[in-house]
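Subject: Structure handover

Hello,

Here is the structure you asked for. My notes follow below it.

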Amino acid sequence: MSSFVSVTRDGGVAVVNIDNPPVNALSFHVREPLMQALILLRDEPSVAAIVIACAGRTFVAGADITEFGKPVQQPELRPIIAVLEEIAKPTVAAIHGTALGGGLELALGCHFRVAEAGARLGLPEVKLGLPPGGGGTVRLPRLVGADKALGMIVSGTPINAAEALGAGLVDAVFDSDLTARAISFARDMAAKGGPFMPVRDRNDRLDPAGLPEFDEQAAKLAKKARGLEAPIACAQAVRNAITLPFDEALAAERKLFLKLVAGDQSRAQRHLFFAEREAAKISGKDLSRRKVARVGVIGAGTMGGGIAMAFANGGYPVTLLETSSEALERGLATIDRNYAVSVARGSLSEDAKRQRLGLFKGTTDYGDLADCDLIVEAVFEEMAVKKDVFGRLDAVAKSGAILATNTSYLDVNEIAASTSRPQDVLGLHFFSPANVMKLLEIVRAERTDADALATVVELARRIGKVPVIVGVCHGFVGNRMLAARGAESEALLLEGATPSRIDRAFTDFGWPMGPFQMGDLAGLDIGWRNRKARGQTAVIADALCEQGRFGQKTGRGFYLYENGSRVSVPDPDVEALIRAKAAENGIAPRTIGADELIERTLYPLVNEGAKILEEKIAARASDIDVVWVNGYGFPVGKGGPMFWAGLEGVDKIVARLDHWHERTGRQVFRASPLLRRMAETGSWE
Ligand code: 3H9
């Protein structure tokens, strides 16, 4: 019928096959023939049952996101599902890969769902800033109950086939031959005879008596939403499924979907979806990949241990090297403990823990790294130490092995030049805790081979990281911009702000925490040591460190943390210290509004991003957004600093930077030429 939708027959069972690579998204060119096929099959007497299956690597993974924000071309998904639900003969969705979003909604339009054992099913629209818009919030609760549906829809996290079977979302799970098994399932159902009840008419799992608990659960989830509209809309839509008749709930869901799809938050989150995928692309010819079967990690401290865990979690055998057997034992014991915590939390099974630990091989001998295809060093952040390590690696690593440094600031070109194989050297800047944080800055040095780069990008995605390629400069993209964001912090304190006022402005903006809370969490001594090494000072932070106030780990920093609590409590002593230092410097305190707090910290952040683009340290503005959302907690609903600059108005940002530059003369406010150009042209090019 069409190259995207075809129908084959197996006796009385018709199989509708969707083939729209790479993920079988429900684009217009799929919806139109799909609708026609279903209408034909509905009315054709020789057809006793219908199976919907997909070609390629997955069942339908959702609506076509590229169509959002454009006029809807009919038929949209809901009328297609309505036709499905009119069909009196049994309809079966045969799910392999992922049934996500509109894909799961299509499957929910069928009488039955069967899945391959490895399949995953979910409604991830919330991650795009949306509630489902094809009836998912109204049908899913009818199969799995409102509480389960609420959890799935508000988190957006898919469930596996076994869980789906247990929850009542699928009717059978098969290990292999999915389409053939689905056909025979459909034939059996047809033989049993109807009537077959569409999901829309199943009301037995919707219990209005459970509403108070539902509302309690929804309120907890809403608290975590941090200004995002979609989780709230999702919860509202699922609630409607309990309280309203089906058609009204369906109409209400659509209304919410249309409102949010036109809003800035969803635009921002869709931007991030494509930005993450763009960031993983390396321009140029078709690049070959190097084979990576074993990974070496040097250093079993917090960073090295976390990096080793990240690879083991992705299924890679890891050789972990330390200088002494005591340090190695300590590192391995910490890894063991970390996995034990996951087991205790229920996020990892004992079996999986054993399997992962079985992937580690500890050593104190560099010679044992000879069979590694990728070696990552996470040793002390000092050039001489790094060069020493790379010299040793140069002597033992096999030819073609990729040699990576986890440096946060140092010059990767210089490190590469200290080896006889600079083409194999690059940076892999993990963020702490490395087994948890998604961002991975991949540092391309001057002489790094493109195939080495392509290899680690692919590897990073395979272990669940979000890779972004960056160039060499002090702090790369993330930490360099972080320094620009923090440049005014001390000045703002001295002029009259308090740590809690500034942090509050940040959390109101949507950050998970403000800069002072973050400093206390990371440890103020790190910055203090760095400043000393570089001959720099920070009046307040230095004074706190001199008093032994290093943050959470000492129970005191910019805030108080009593009895091991992680809640930051404002400390009058710190505020007194700030006022005293201000007086010493002849600064009279004044009230500083939230707008000023934001523009003096976040406009320099955007400005530094523009400088980074100008210098080609980042290839695209969207790469910078990916770094900041995944590594530093920039609110997803604002799309990252460069996307947000567009929402805020780049001309306004330039004008305010000019204002502050004129007032203070500080470098951080000197607007970059690219930012000025952007204000005029609307493009980061
Ligand atoms: C929805 O369904 C709304 C409905 O409720 C209402 C409708 C009325 N559309 O991720 P990958 C592209 S909202 C368009 O690298 P993987 C992607 O950009 C949707 N394009 O593969 C990439 O392109 P390129 C709900 C899409 O194997 C290529 O496909 N569904 C879509 O690592 C490969 O993608 C979702 O949110 C799409 N829906 O992961 C699911 N999906 O090669 C979104 C992918 O040019 N998708 N592309 O860079 C995913 O989560 C992952 O793609 C998936 C595969 C897990 C499926």
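Apart from its neighbours within four places in sequence, Ala48 is in contact with Gly12, Lys89, Pro90 and Ala190 (contact means heavy atoms within 4.5 Å). Ala48 lies in the loop between helix 1 and strand 3. Helices (H or I, at least four residues) and strands (E, at least two) are DSSP runs, numbered from the N terminus. Ala48 has 36% relative accessibility, so it counts as partly exposed. The cut-offs: buried is under 20% relative accessible area, exposed is over 50%, and partly exposed is in between, with a 1.4 Å probe and protein chains only. Ala48 and Met303 are 255 residues apart in sequence and 60 Å apart in space, C-alpha to C-alpha.

Two notes on the source. This is a predicted model: local features need pLDDT of at least 70, side-chain atom pairs count only at pLDDT 80 or more, and totals for chains, interfaces and linings use all residues. Residues are numbered from 1 along each chain as its sequence is written, and side-chain values use heavy atoms, with hydrogens and water left out.

Is strand 3 (residues 49-54) mostly covered or uncovered? It is mostly covered, with six of its six residues buried. Ala49, Val51 and Ala53 are buried on one side, and Ile50, Ile52 and Cys54 on the other.

Strand 2 (residues 13-18) pairs with strand 3 in the parallel sense over six bridges. Two strands pair if DSSP finds at least two bridges between them. Val15 has Val51 of strand 3 as its bridge partner. From strand 2 the chain crosses through helix 1 (residues 28-43) to strand 3, a right-handed β-α-β crossover. Right-handed means that, with the strands pointing away from the viewer, the path from the first strand over the helix to the second runs clockwise.

Strand 3 is also joined to strand 4 (residues 91-95), by three bridges, and these two run parallel. Ile50 has Thr91 of strand 4 as its bridge partner. Strand 3, helix 2 (residues 77-86) and strand 4 make a right-handed β-α-β unit.

Three strands form an open sheet in the order 5-7-8, with mixed pairing. Strand 5 (98-100) and strand 8 (159-160) stand at the edges with a single partner strand each, so one side of each has no neighbour in the sheet. Strand 5 and strand 7 (residues 120-122) pair in the parallel sense over three bridges. Thr98 has Arg120 of strand 7 as its bridge partner.

Strand 16 (residues 439-443) and strand 17 pair in the parallel sense over five bridges. Leu439 stands opposite Val466 in strand 17.

Aromatic pairs

How many aromatic pairs does the structure hold? There are 19 aromatic pairs. Rings of Phe, Tyr and Trp (its six-membered ring) pair if their centres lie within 6.5 Å; planes under 30 degrees apart count as stacked, over 60 as edge-to-face and the rest as tilted.

The ring centres of Trp511 and Trp628 are 6.1 Å apart and their planes are at 90°, so this pair is edge-to-face. Trp511 lies in the loop between helix 20 (499-509) and helix 21 (515-522) and Trp628 in helix 26 (residues 621-631), so the pair ties together parts that are 117 residues apart in sequence. Trp511 is buried at 1% relative accessible area. Trp628 is buried at 0%. Trp628 also pairs with Tyr632, stacked, at 4.3 Å centre to centre and 20° between the planes.

Two charges sit over rings. The charged end of Arg485 is over Trp511, 4.8 Å from the ring centre. Lys532 lies over the face of Trp528, at 3.8 Å from the ring centre. The test: NZ of Lys or CZ of Arg within 6 Å of the ring centre and within 35 degrees of the ring normal.

Best wishes
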